[in-house]
Amino acid sequence: MDFIVAGFIKAIELLISGDSSTWTAIFATLKVSTCSMVLSIGAGLPCGFLLGYFDFRGKKALRTFVDTMLALPTVFIGLAVYAFISHQGPLGEFNLLFTLTGIAIGQTILALPIVTAITASTIENIDHDLKLTLVTLGAGKRNIITTCLWEVRYGILAAAVTAYGRVLTEVGISMMVGGNIKYHTRTITTAIALETNKGLFANGIALGLVLIFIAFIVNLSLSFLRKQ
Amino acid sequence: MTIRELAYHLKDICHYYGNTKVLDIDELKIKKRSITALIGPNGSGKSTLLKLLAFAQKPTQGQILYKGRKEYPFSSGIRSKITLLTQKPYLLKRTIFENIAYGLKIRKDTDNLEKRVKEALLNVGLDYEKFENRKWHELSGGEAQRVAMAARLILKPEVLLLDEPVASVDTKSAKLIRRASLNARQELGTTLVIASHDLQWLYSISDRQISMFKGQLFSTGIENIITQPFEKQNSKTHIKRLDDGQIIKLPPPAPKTCNAIIRKKKVFIGLEQQEESASLNQLYGQIASMLFEKKTGLIMTTVTVHDTSFVLRLNPDEITNLELHPGKKVILKFDIHDIEWI
């Protein structure tokens with residue numbers, strides 16, 4: 001028990017003293033997760049809307065595919081991205097292996113089905129009377145789409161938060177595609193894994209605290225937005 | 001009616017949900033600035049017809065002309081001009097002010113917005129100061145319906161379609177909604193089409209009543225539909241047995257028909273039974289309601305025969321002579337040959 005308490009104290013010291021290895025991992029994490037979230041929301045939101053709003057041939061099969069992608073293991077995504085961006089892979093010429101961009105690509109693939117599936121479910125559950133109401137108030141097609149999205153804004157925020165949680169805490173992609181290079185591609189989760197293996201619990205706990213803090217800030221912002 | 005006088009002209013309309021035909025209308029004309037009442041049981045197609053009139057849906061077959069022009073959902077000729085209020089309207093997840101101003105904002109007509117929202121709320125008996133910042137979930141059912149009505153009236157629509165607007169609201173809200181809809185017709189010349197089970201209200205305000213049954217229209221107003229099951233008695237007569245033992249005699253059904261209709265003008269009322277005849281139906285019943293029809297000066301009388309209702313129009317003299325009143329036991333009479341199959 002003592003080592004856990006000591007770990008907490010050391011963790012706070014590391015954060016306050018501005019320990020460079022700890023802070024570079026924090027910044028790397030924020031950078032890749034923000035980048036992957038922007039990409040996955042940018043692509044997942046319209047895809048989820050199309051999937052949830054319109055009826056088309058093959059919709060059920062596509063929905064099953066997206067739902068299956070939700071359970072995709074991070075190590076498998078890591079492996080696939082590695083295969084594509086390694087020097088022998090089809091995207092090898094872009095030198096993305098062991099870069100933050102490479103990790104962001106992998107994390108986007110991880111978050112995309114989450115954003116798409118939850119957005120689609122949210123849109124599917126829209127009250128049937130909403131569209132009729134909007135049409136009879138003179139709304140055009142574009143007004144209907146924007147108003148529908150605004151009506152389900154909390155559901156979409158939930159999709160984004162769920163995806164962010166998954167991206168923030170994944171290890172497999174960051175480790176395989178990023179390579180856990182200190183001061184370069186080391187993220188909070190890969191750093192925790194490494195430090196714990198080395199027996200440096202304090203560093204691990206410090207980074208763990210930061211993860212919890214980020215999750216807390218995200219949820220706090222969301223509940224503030226809801227109240228607004 | 002000339003084309004200029006018409007708000008709507010529906011031609012050869014057939015509408016399906018999947019493989020089920022829900023509307024079958026050869027022709028329907030609705031005059032501008034008129035009040036048309038749609039009467040019929042649940043599932044008769046009233047709501048579907050209103051959605052087509054609102055251009056919220058396109059009919060499977062046929063065409064709808066609005067002011068002489070063929071219009072479609074989202075076309076500029078009808079947007080913001082025709083609006084529909086349903087029984088349970090959807091309020092946007094915003095403040096009451098935003099809900100009412102929505103229609104004006106999307107058409108970028110925001111001059112004096114606050115004043116117009118205030119007037120719209122006042123029109124349905126709601127206080128602006130008290131309601132403008134309330135959220136959509138902070139209203140009672142009646143208040144929500146009035147807000148929805150205000151959101152439509154602020155658009156100053158050419159046509160206001162009301163689908164059971166007062167069916168699930170309190171008495172005060174119902175009164176205010178009825179008043180607001182009539183104001184729209186008086187002040188703006190709005191054409192009203194109202195579907196409701198409140199026959200007293202409909203008969204007192206409407207210029208014309210159209211009854212509906214299984215997607216078909218009867219432009220003579222409410223009519224008496226005799227529904228299945230029927231039994232074949234002999235080659236010339238079919239019968240419908242009522243649960244109290246009485247029977248209705250009908251002619252053999254025409255091909256591809258399944259229900260019968262006896263028009264109200266063919267139904268008579270008496271107090272004494274006539275001599276039995278193979279072609280005469282005589283049914284014992286009780287007067288359930290009597291409504292004054294403002295336009296004709298006649299009394300729309302409903303007679304309940306066990307669990308089936310029949311309507312007929314009576315003139316006030318007949319009522320005086322027979323001393324008719326709700327609750328009085330009477331005999332309904334109609335000839336088998338006056339029954340039509342639909």
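Where in chain B is the place of Lys67(B)? Select this residue to begin the tour: Lys67(B) sits in the loop between strand E4 (61-66) and strand E5 (69-70) of chain B. The structure is a predicted model, in which local features need pLDDT of at least 70 and side-chain atom pairs count only at pLDDT 80 or more, while totals for chains, interfaces and linings use all residues. Residues are numbered from 1 along each chain as its sequence is written, and chains are lettered from A and ligands numbered from 1 in the order in which they are written.

**Stop 1**

Lys67(B) counts as partly exposed, because it has 17 C-beta neighbours inside 10 Å. On this scale a residue is buried if 20 or more other C-beta atoms lie within 10 Å of its own, exposed if 12 or fewer, and partly exposed in between, with C-beta atoms placed from the backbone. Lys67(B) and Ile3(B) are 64 residues apart along the chain, and their C-alpha atoms are separated by 7.4 Å.

Now display the strands. Helices (H or I, at least four residues) and strands (E, at least two) are DSSP runs, numbered from the N terminus. Four strands of chain B form an open sheet in the order E2-E1-E4-E5, with antiparallel pairing; two strands pair if DSSP finds at least two bridges between them. Strand E2 (20-31) and E5 of chain B stand at the edges with a single partner strand each, so one side of each is left without a neighbour in the sheet. Within the sheet, strand E1 (residues 6-17) of chain B pairs with E4(B) over five bridges in the antiparallel sense. Select Lys11(B) to find Gln63(B) opposite, in E4(B).

**Stop 2: a buried strand**

Select strand E6 (residues 82-85) of chain B. In a regular strand the side chains alternate between the two faces of the sheet. In E6(B), Ile82(B) and Leu84(B) point one way, Thr83(B) and Leu85(B) point the other way, and all are buried. E6(B) pairs with strand E7 (residues 159-163) of chain B in the parallel sense, over four bridges. Opposite Thr83(B) stands Leu160(B) in E7(B).

**Stop 3: the nonpolar cores**

Which residues touch the most other members of the largest nonpolar core? They are Leu38(B), Ile100(B), Ala150(B), Ile154(B), Leu161(B) and Ile194(B), in a core of 88 residues. A nonpolar core is a set of buried Ala, Val, Leu, Ile, Met, Phe, Trp, Tyr and Cys residues joined through C-beta atoms within 7 Å. Helix H5 (residues 141-153) of chain B gives the most to this core, with seven residues. Domain 1 (3-218) and domain 2 (224-341) of chain B both contribute residues, so the core lies between them.

Select Ile194(B) next. Apart from its neighbours within four places in sequence, Ile194(B) is in contact with Ile35(B), Ala37(B), Leu38(B), Leu162(B) and Leu202(B); two residues are in contact if their C-beta atoms, placed from the backbone, lie within 7 Å. A second, separate core of 51 residues includes Ala111(A), Val115(A), Ala159(A) and Ala202(A).

**Stop 4: the two domains of chain B**

Colour domain 1 (3-218) and domain 2 (224-341) of chain B separately. These bounds come from an automatic or database domain assignment. The centres of the two domains, taken over C-alpha atoms, are separated by 34 Å. Six residues from domain 1 of chain B and six residues from domain 2 of chain B take part in the contact. On the side of domain 1 that touches domain 2, helix H7 (residues 199-205) of chain B supplies the largest share, four residues.

Then select strand E20 (residues 329-335) of chain B. Strand E16 (residues 268-270) of chain B runs antiparallel to E20(B) and is joined to it by three bridges; Ile269(B) has Leu332(B) as its bridge partner. Strand E17 (residues 280-292) of chain B also pairs with E20(B) in the antiparallel sense, over seven bridges, and Tyr284(B) stands opposite Ile331(B).

**Stop 5: chain A**

Finally, select the contact between the chains, which takes 14 residues from chain A and 20 residues from chain B. Helix H6 (128-136) and helix H7 (141-151) of chain A each supply at least two residues of the side of chain A that touches chain B. H6(A) gives the most to this side, with six residues.
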